[in-house]
Amino acid sequence: MFELRGVQFKGILHIPDLEIEEGAVTSIVGSSGSGKTTLLRMLNKMISPDRGTIYWQSRDLADLDAVDLRRQVVMLGQRPVIFPGTVADNLQLGRQLADQASAEEGALRQVLAQVALDKALEESAKDLSGGEGQRLALGRILLMDPAVYLLDEPSSALDEQTAVEVIGALVRQVRAKGKTLVMVTHAPAIAESYSDRIISLEHGRVKACRELAHG
């Protein structure tokens, strides 16, 4: 699905050759400053390499409209934005930005259950804690149902039990629908439990790529 050829970025990344498979769960691991988030942001054209080429479905990202790309390759950052309004408003916003029809109330309630967020749809989103906001934002992109999910530390604000519940539900949906998930994580247990492949970065370079039997 993604192919990186001769990619360099500001001394942060140097990746001669890397492929990320379609329909798989890929985790990107490494110490702080190893280039994990930079790599993730390149995959939906938040930033562009100084040298080299990134392909998505055999098309050069440089030739693709960024807005159209991000409707299919959706990224959730470490500190997702929570917008004014209700829980329901925040859930619907992703679909609105992707020019999709609003989800029905039943679908909203279902996604709240998926992300283990026990909140009323009419409740104000501004009162949510950091972990609750992270789960709400994850629910927002689940409703968008994109081809690719790019998640930067999706369990960072969650306790261990909630992380297992939420990431497990996400991975099950990704696998059931044949989607692609690429996530940066500092949690070895998350990577080992759910990944088809683990890419290890060190000083901006690919140190190892390891296949796992979780497909």
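This is a predicted model: local features need pLDDT of at least 70, side-chain atom pairs count only at pLDDT 80 or more; totals for chains, interfaces and linings use all residues.
## Surface and charge

Residues are numbered from 1 along each chain as its sequence is written, and side-chain values use heavy atoms, without hydrogens and water.

The side chains include 24 positive and 29 negative ones, and the centres of these two sets are 4 Å apart. Lys and Arg count as positive and Asp and Glu as negative, with His and the chain ends left out; each charge is placed at NZ of Lys, CZ of Arg, CG of Asp or CD of Glu.

## Overall fold

Seven helices and ten strands form the secondary structure (DSSP runs: H or I of at least four residues for helices, E of at least two for strands). The radius of gyration is 17 Å, close to the 17 Å given by the globule rule for 215 residues, so the protein is as compact as a globular protein of that length (C-alpha atoms; the rule is 2.2 Å times the number of residues to the power 0.38).

Of the 215 residues, 49% are buried (under 20% relative accessible area; exposed is over 50%, partly exposed in between; 1.4 Å probe, protein chains only).

## Arg205

R205 belongs to strand β10, residues 205–211, and is partly exposed at 45% relative accessibility. Leaving aside residues up to four places away in sequence, R205 touches H14 and S200 (heavy atoms within 4.5 Å). H14 is 191 residues from R205 along the chain, yet their C-alpha atoms are 5.4 Å apart.
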